[in-house]
Amino acid sequence: MPGIHEIWLFVLSGVLLNITPGPDTVYVIGRSMQMGWRGGVAAAFGISCGCFFHVAGATIGLSALLMASSTAFSILKLVGAAYLVLTGLQMLWSRPALLVVKDAAERSSLRRVFLQGVFTNALNPKVALFFLAFLPQFVAADSAHKPLAFLTLGLIFICTGTLWCLMLAAFAAKAAHRLRQSEGVIAWVNRALGGLFIYLGIRVAMLEAR
């Protein structure tokens, strides 16, 4: 493929990075336990869409701008940290309810899960800097098609990550089918996800541009 070298190594590295447990894994599993397969799918696609913002940013140079401009980095960092902490607090304060929701209520819940996945990744400058550091290693320095190469590699990484998250969603939803009928279990899942969002918000707030 023009401008890309050792694509097999990129795919292998990307798969290994995707299957390494992290915040995205916890989020998908948690939502799958709460809401079943559909909740996990909404979380997975939300995360993937959030990652696409960073792929597009790396393609047109926004990630480089974040690294070069401490002001731009700080603004995005604080906005992202505030969003994550507020979302986490909402989850901690929410009262559990048995998730037997249908139609409009279900669509609303799934939409919220999807948007949380999007914003969690899109407002995290650490993800932007990861793509900026990772993708260029597989793009030829003398390539005349760098933007296309960045975009292609980013989409490959997102596709493998999405497939992995969908597998996690299916597994977690099946394993937690009976547990979802317990308000106590749902409450603990809410607390775990809320704590995760608050932790990520604090981590994002402490990030340094360099």
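Which residue, with a positive phi, follows α2? The residue after α2 is G36, whose phi is near 85°.

This is a predicted model, in which local features need pLDDT of at least 70 and side-chain atom pairs count only at pLDDT 80 or more, while totals for chains, interfaces and linings use all residues. Residues are numbered from 1 along each chain as its sequence is written, and side-chain values use heavy atoms, with hydrogens and water left out.

**Figure 1. Overview of the protein chain, with nine helices and zero strands.** Helices (DSSP runs of H or I, at least four residues) and strands (DSSP runs of E, at least two residues) are numbered from the N terminus. Read from the N terminus on, the elements follow the order α-α-α-α-α-α-α-α-α. The protein chain has 210 residues, of which 45% count as buried. Here buried means under 20% relative accessible area, exposed means over 50%, and partly exposed lies in between (1.4 Å probe, protein chains only). Among the contacts in the protein chain with a separation of 6 or more, 88% are accounted for by residues 24 or more positions apart; a contact means heavy atoms within 4.5 Å.

**Figure 2. Helix α2 and its buried residues.** The 13 residues of α2 should span 18 Å at 1.5 Å a residue, and this agrees with its end C-alpha atoms, which are 18 Å apart. The expected span is 1.5 Å times one less than the number of residues in the helix. T25, Y27, V28, G30, R31, S32 and Q34 are the buried residues of α2. P23, also found in helix α2, is partly exposed, with a relative accessible area of 36%. P23 lies 173 residues from L196 in sequence, yet their C-alpha atoms are 7.3 Å apart in space.

**Figure 3. The crossing of helix α2 (residues 23-35) and helix α8 (residues 146-175).** Two packed helices are described by the angle between their axes and the distance between the axes. The axes of α2 and α8 come within 8 Å and cross at roughly 35°. Axes are lines fitted to C-alpha atoms, for helices over the stretch in contact, and angles run from 0 to 180 degrees between N-to-C directions. The crossing of α2 past α8 is right-handed. A crossing is right-handed if the near helix is turned clockwise from the far one by less than a right angle, and left-handed if anticlockwise. On the side of α2, the contact is made by T25, V28, I29, S32 and M33, and on the side of α8 by W164, C165, L168, A169, A172 and A173. These residues divide into nine nonpolar, two polar and no charged. Ala, Val, Leu, Ile, Met, Phe, Trp, Tyr, Cys and Pro count as nonpolar, Asp, Glu, Lys and Arg as charged, and the others, Gly among them, as polar.

**Figure 4. The largest nonpolar core, with 28 residues.** A nonpolar core is a set of buried Ala, Val, Leu, Ile, Met, Phe, Trp, Tyr and Cys residues joined through side-chain atoms within 4.5 Å. In soluble globular proteins, nonpolar side chains tend to be buried together. F10, V28, F131, F134, L135 and L153 touch the most other members of this core. At least two residues each come from α2, α3 (37-60), α6 (103-122), α7 (125-134) and α8. With nine residues, α8 gives the most to the core.

**Figure 5. V28 and A44, 16 residues apart in sequence.** Not counting residues up to four places away in sequence, V28 touches G40, A43, A44, I47, C165, L168 and A169. A44 lies in helix α3 and, at 0% relative accessibility, counts as buried. The C-alpha atoms of A44 and V28 are 6.1 Å apart. When its neighbours within four places in sequence are left aside, A44 is in contact with V28, C165 and L166.

**Figure 6. C49 in helix α3.** C49 is partly exposed, with a relative accessible area of 35%. Apart from neighbours within four places in sequence, C49 is in contact with F114 and V118.

**Figure 7. Helix α7 and its buried residues.** Seven of the ten residues of α7 are buried, so the helix is largely enclosed by the rest of the structure. The buried residues are P125, V127, A128, L129, F131, L132 and F134.
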